[in-house]
Amino acid sequence: TEDVERFKLEARASGSLTHPNVVRVLEHGQDGLGRWFMAMGFVAGESLEALVRREGPLPTLVAARIACD
């Protein structure tokens, strides 16, 4: 399907990127049950969800800095 082709294209493109602010895609494919997966490198630290739960809505400048990173 078109969704699967887009998934594979994005996985290959992401896998070719090397940048400190981009998580590396290590592998992608289909498992034994036919589900598509993307294995990515581990990034230590707090999730954006946890930050927002703790702090509430982020100030515009903080959100913009995170988005730019």
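How many helices and strands does the protein have, and which residues line the largest pocket?

Modeller: This is a predicted model, and the protein in it has 3 helices and 2 strands. Read along the sequence, these elements follow the pattern α-β-β-α-α. The C-alpha trace spans about 40 × 25 × 25 Å along its principal axes. The radius of gyration is 16 Å, whereas a compact globule of 69 residues would have a value near 11 Å. Buried residues account for 12% of the 69 residues. Of the contacts between residues at least 6 apart in sequence, 16% join residues at least 24 apart.

Let us now turn to the pocket. Rolling a probe the size of a water molecule over the atoms shows where empty space is left. In this protein, the largest pocket holds about 270 Å³ of space. Its lining includes Pro20, Asn21, Val22 and Val23. A further run, from Val43 through Ala44, Gly45 and Glu46 to Ser47, also lines the largest pocket, and Ile66 and Asp69 complete the lining. Sorted by class, the lining comprises 6 nonpolar, 3 polar and 2 charged residues.

The side chain of Lys8 makes a polar contact with the side chain of Glu5, at 3.2 Å. When neighbours within four places in sequence are left aside, Lys8 is in contact with His28 and Trp36.

Methods. Residues numbered from 1 in each chain as written. Predicted model: local features only at pLDDT ≥ 70, side-chain atom pairs only at ≥ 80, totals over all residues. Heavy atoms only, no water. Polar contact = N/O pair within 3.5 Å; in protein donor to acceptor, adjacent residues only side chain to side chain. Contact = heavy atoms within 4.5 Å. 1 Å grid on protein atoms, 1.4 Å probe; cavity = no way out; pocket = protein on both sides within 12 Å on 5 of 7 lines; lining within 4 Å. Points joined across faces, edges and corners; volume = space filled by probe spheres on them. Nonpolar A, V, L, I, M, F, W, Y, C, P; charged D, E, K, R; others polar. Helix = DSSP H or I, 4+ residues; strand = E, 2+ residues; numbered from the N terminus. Rg over C-alpha atoms; globule rule 2.2 N^0.38 Å. Buried < 20%, exposed > 50% of the residue type's maximum accessible area, 1.4 Å probe, protein only.
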